[in-house]
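I am starting a notebook on this structure. The entries below record what I looked up, in the order I went through it.

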Amino acid sequence: MNITLKCFAGLKRHLPPHAKANQAVVEVDDNISVYQAIDYFNIDREEAYLVILNGVFVCPPDRDSRILKENDTLALWPEVAGG
Amino acid sequence: MNDKDLLRYGRHIMLPEIDFEGQEKLLAARVLIIGVGGLGSPVALYLAASGIGQIIIADHDKVELNNLQRQIAHDENGLGQSKVSSCANRMKQINSKINIVPLDVKLSGEQLLSQVAEVDIVVDCTDNLTTRFEINQACVTHNKWLVSAAAIRWEGQISVYHCGDKDSPCYHCCYGLGAGGSKEPEQNCSTSGVVSPVVGVMGSLQAIEVIKLILSQGDSLISRVLLFDALSMQWESMQLPKNPDCPVCGHIND
């Protein structure tokens, strides 16, 4: 199935070559979890600090159980704490 | 307000969302700004200029040369001074009519709780997660608005928290568990760098949210986080649900 992967800031290096700006439509296995998708793209789980599925934050305990669907949008941000 | 006040705040007063009544609310408001570095500088200067009646600023650092690239409340004359003294001086130059309370301390424990209890809104402009968690806990304890932002490298984020509202999350709902559940990342502008105006953008947005909350105008960033990627010039909006298992705010509204 296809999903849209959006990577921000330093995570953009994980986007495939066909990505436009900060996002790309990518093919992944059916019925994979949020964490399995992050692993599939070789992204460090701790680096993908903020995980946003279809515009809604997914808290860490739910990232193993939340299953992706066709045409979902998964957005990843690194941690931001400075000031 | 006297004639000089009407002149000073005229550009506020001509806005229908503010008017005389709104400016009086701003003049009567009490705000605590924790951290007067990159984010806290624009927050403090804009809130002083806007006529927030009482502004408490807390920071335990001294002004260093490497701060001046982005911390615009400070200048070369303030090198070596406490940041709160340097910032308060600049605020007074902008607006001598408001009450500014500088606290040259690392606010924590009972002192943090008592200061939070005294104000209407808390603005988190600190540079590390440990302090952010403690500020969040204090705001949940006293049911205060928390306007929180962060910035690093070319990125920024901002949100507003208020656990007195049903289904409203707290800062811990988003950041409390950490990715992977254990390790707490500790990156800040001192170790990772930050492009100067990014803290200005995020701090200015914090000041806007404070003003809106005091006026009860518009839609605040409650339950919503705005994320800013300056390098690609993209904004992302993220809904932040309340975590019913959150150890800080999960018990509220049971």
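Are α4(B) and α5(B) roughly parallel or roughly perpendicular to each other?

**Ground rules.** I note that this is a predicted model, where local features need pLDDT of at least 70, side-chain atom pairs count only at pLDDT 80 or more, and totals for chains, interfaces and linings use all residues. Residues are numbered from 1 along each chain as its sequence is written, chains are lettered from A and ligands numbered from 1 in the order in which they are written, and side-chain values use heavy atoms, with hydrogens and water left out.

**Entry 1: α4 and α5 of chain B.** I took helices as DSSP runs (H or I, at least four residues), numbered from the N terminus. Helix α4 covers residues 40-50 of chain B and helix α5 covers residues 83-94; their axes come within 9 Å and cross at roughly 30°. Axes here are lines fitted to C-alpha atoms over the stretch in contact, and angles run from 0 to 180 degrees between N-to-C directions. α4(B) and α5(B) are therefore roughly parallel to each other. The cut-offs are under 35 degrees for roughly parallel, over 145 for roughly antiparallel, 65 to 115 for roughly perpendicular, and oblique for the rest. α4(B) passes α5(B) in a right-handed crossing (the near helix is turned clockwise from the far one by less than a right angle). For contact I used heavy atoms within 4.5 Å. On the α4(B) side I found Ala44(B), Leu45(B), Ala48(B) and Ala49(B), which meet Cys87(B), Arg90(B), Met91(B) and Ile94(B) in α5(B). By class this contact has 7 nonpolar, no polar and 1 charged residues. Ala, Val, Leu, Ile, Met, Phe, Trp, Tyr, Cys and Pro count as nonpolar, Asp, Glu, Lys and Arg as charged, and the others, Gly among them, as polar.

**Entry 2: α3 and α10 of chain B.** I found helix α3 (residues 19-28) packed on helix α10 (residues 196-215) at an angle of about 110°, with the axes 9 Å apart. That makes α3(B) roughly perpendicular to α10(B). Their crossing is right-handed. Gly22(B), Lys25(B) and Leu26(B) of α3(B) make the contact with Ile211(B), Ile214(B) and Leu215(B) of α10(B).

**Entry 3: chain A against chain B.** I looked up the interface next: 27 residues of chain A are in contact with 40 residues of chain B. The buried area (accessible area, 1.4 Å probe, lost on putting the two parts together, summed over both) is about 2,700 Å², and carbon and sulfur atoms give 61% of it. Tyr49(A), Val80(A) and Gly83(A) supply 25% of the area that chain A buries against chain B, more than any other three residues. Lys12(A) and Asp229(B) meet in a salt bridge at 3.3 Å, N to O.

Terms used:
Helix = DSSP H or I, 4+ residues; strand = E, 2+ residues; numbered from the N terminus. Salt bridge = Lys/Arg side-chain N within 4 Å of Asp/Glu carboxyl O.
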